[in-house]
Amino acid sequence: MQEPCITLSIIIPCYNVESTIARALDSILFQQVNFSYEILCVDDASTDDSVAVIQNYTDKYDFIHLLKNPNCILKSRIHLIPIIFLYQ
């Protein structure tokens with residue numbers, strides 16, 4: 001079976017966003033669209049429970065993915081800035 005073509009990738013850089021990431025993901029999931037998309041949460045070595053919150057979503061939705069960076073490149077410079085790529 002062929003994978004559906006992804007039209008949109010939403011990339012969310014995350015660092016210590018335990019208190020806000022669920023609201024951000026719920027906001028995206030609430031949207032009604034007629035194209036396929038994926039959500040990539042990129043954790044930058046959070047020290048809170050951000051990863052656990054995101055993993056709850058990855059367990060429920062196969063189009064939400066968690067990428068973990070153990071080296072903390074961005075630190076607190078970026079807390080939660082959605083970046084959207086539209087494929088054409």
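Among contacts in the protein chain between residues at least 6 apart in sequence, what percentage join residues at least 24 apart? The share is 83%, where contact means heavy atoms within 4.5 Å.

This is a predicted model, in which local features need pLDDT of at least 70, side-chain atom pairs count only at pLDDT 80 or more, and totals for chains, interfaces and linings use all residues. Residues are numbered from 1 along each chain as its sequence is written, and side-chain values use heavy atoms, with hydrogens and water left out.

**Figure 1. The protein chain follows the pattern β-α-β-α-β-β along the sequence.** It has 2 helices and 4 strands. Helices (H or I, at least four residues) and strands (E, at least two) are DSSP runs, numbered from the N terminus. Of the 88 residues, 34% count as buried. Buried means under 20% relative accessible area, exposed means over 50%, and partly exposed lies in between (1.4 Å probe, protein chains only). The accessible surface comes to about 6,100 Å². Carbon and sulfur atoms hold 55% of that surface. Accessible areas come from the Shrake-Rupley method with a 1.4 Å probe; for residues, only the protein chains shown count as cover.

**Figure 2. Helix H1 (residues 21-30) has buried residues at Ile21, Ala24, Leu25 and Ile28.** Seen down the axis of H1, these buried residues fall within an arc of 95°, so they line one face of the helix. The arc is that of the directions from the helix axis to the C-beta atoms. Arg23 and Phe30 are exposed, on the face turned away from the buried side. The cover over the buried residues of H1 includes strand S1 (8-14), S2 and helix H2 (50-60).

**Figure 3. Helix H2 buries Ser50, Val51, Val53, Ile54 and Tyr57.** Down the axis of H2, the buried residues fall within an arc of 160°, so they line one face of the helix. Asp59 and Lys60 are exposed on the other side of H2. Cover for the buried residues of H2 includes S1, H1, S2 and strand S3 (64-69).

**Figure 4. Asp43 sits in strand S2 (residues 37-44).** Asp43 is buried but has no salt bridge. A salt bridge is a side-chain nitrogen of Lys or Arg within 4 Å of a carboxyl oxygen of Asp or Glu. The nearest side chain of opposite charge is Lys68, 7.4 Å away. For charge, Lys and Arg count as positive and Asp and Glu as negative; His and the chain ends are not counted. What does the side chain of Asp43 make a polar contact with? Its partner is the side chain of Ser46, at 2.4 Å. A polar contact is a pair of N or O atoms within 3.5 Å; within protein, one must be able to donate a hydrogen and the other to accept it, and residues adjacent in sequence count only if both atoms are side-chain atoms. A polar atom of the Asp43 side chain also lies 3.2 Å from the backbone nitrogen of Ala45. Neighbours within four places in sequence aside, Asp43 is in contact with Cys14, Ser50, Val51, Leu66, Leu67, Lys68 and Asn69.

**Figure 5. Ala45 and Asn16 are loop residues with positive phi.** Most residues other than glycine have a negative phi. Ala45 is not a glycine, yet its phi is about 60°. Ala45 is in the loop between S2 and H2. Asn16 has a phi near 50°. The loop between S1 and H1 holds Asn16. At 27% relative accessibility, Asn16 counts as partly exposed.

**Figure 6. Ser9 lies in strand S1.** Ser9 counts as buried, at 1% relative accessibility. The side chains of Ser9 and Glu38 are joined by a polar contact of 2.5 Å. Ser9 and Leu40 are 31 residues apart along the chain. Their C-alpha atoms are separated by 7.2 Å.

Figure 7. Pro13 is in strand S1. With a relative accessible area of 10%, Pro13 is buried. Thr20 is in the loop between S1 and H1. Thr20 counts as partly exposed, at 25% relative accessibility.
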